[in-house]
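Subject: Structure handover

Hi,

Here is the structure I promised to send over. Please open it first, then read my notes below.

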Amino acid sequence: MVPTRQQALALFKQYNQSESLYKHALSVEAVMRHFANKYNEDEEKWGIIGLMHDVDYEQFPEEHCIKAKEILEKEQWPEDYIRAILSHAYDICTDVEPVHLMEKILYATDELTGLVTTAALVRPDKSIHSLKLKSMKKRWKDKRFAAKVDRSIITDGAQRLNMDLDELILETIEGMKTVAKELGLNGVSNE
Ligand SMILES: [Fe+2]
Ligand SMILES: [Fe+2]
């Protein structure tokens, strides 16, 4: 069954209560949609995969991806959707290597969205719209900043894409801007 976004979101909400995980899901969805458009690929498919990649994380952090596979197989999701979702955690909790473009983008941007969010939130205006590459590069180098964000995965992802890290960062910011309000990154007034 090819899921609609509405079905995917309902399933996500069935397994997740956390606001921060929801925002993370929306961030990755927006970035996936942005890149799908850039490459003339299936925006809806890429977006849904981004939205659902951490579906099991809240309830089964110790069995991350294993449970996602179970949940999505039970819903009879297509194999390539499930494969892509598993590949985001390659070498951490799965051995499914990101091979397709869609998978490589997911793998490369998942952690990066966290760094972008934190970098935007510490700005005086708390806005993603004024977040510049220069400031991101500074945050990138400061290993204590958003310490949980594993920079090595992002670098590995960029290499797999043959993409310059700066470009990856800029495009990720652009993608996230499309849902800035939902993410609470639209500036102090968040309007
Ligand atoms: Fe994950
Ligand atoms: Fe994630």
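Which residues coordinate the iron ion (ligand 2)? They are His24 (NE2), His53 (NE2), Asp54 (OD) and Asp110 (OD), at 2.1 to 2.2 Å. Donors here are N, O and S atoms within 2.8 Å of the metal (3.2 Å for Na, K and Ca), and sites may look incomplete because water is not among the atoms.

Some ground rules before the rest. This is a predicted model, where local features need pLDDT of at least 70, side-chain atom pairs count only at pLDDT 80 or more, and totals for chains, interfaces and linings use all residues. Residues are numbered from 1 along each chain as its sequence is written, chains are lettered from A and ligands numbered from 1 in the order in which they are written, and side-chain values use heavy atoms, with hydrogens and water left out.

Back to the iron ion (ligand 2). Its donors follow the spacing H-x28-H-D-x55-D along the chain. The angles among its 4 donor atoms run from 83 to 174°, and the site is irregular.

Aspartate 54 lies in the loop between H3 and H4 and aspartate 110 in helix H6 (residues 101–121), so the pair ties together parts that are 56 residues apart in sequence. Helices are DSSP runs (H or I, at least four residues), numbered from the N terminus. Aspartate 110 is buried, with a relative accessible area of 10%. Buried means under 20% relative accessible area (1.4 Å probe, protein chains only).

Now the other metal. Asp54 (OD), His64 (NE2) and His88 (NE2) coordinate the iron ion (ligand 1), at 2.1 to 2.3 Å. Aspartate 54 bridges the two iron ions, which lie 3.8 Å apart. Aspartate 54 is buried, at 10% relative accessible area. Histidine 64 is buried too, also at 10%.

Last, the largest pocket. A pocket is an open set of points on a 1 Å grid over the protein atoms alone, where a 1.4 Å probe fits, with protein on both sides within 12 Å along at least five of seven lines; lining residues have an atom within 4 Å of a point. Of its 26 lining residues, the closest to the centre are His24, Asp54, Asp110, Glu111 and Gly114. H6 gives the most to the lining, with 8 residues.

Best wishes

Key
Buried means under 20% relative accessible area, exposed over 50%, partly exposed in between (1.4 Å probe, protein chains only). Four donors count as tetrahedral if all angles lie between 85 and 135 degrees; four count as square planar and six as octahedral if opposite donors are over 155 degrees apart and all others between 65 and 115; anything else is irregular. Helices (H or I, at least four residues) and strands (E, at least two) are DSSP runs, numbered from the N terminus.
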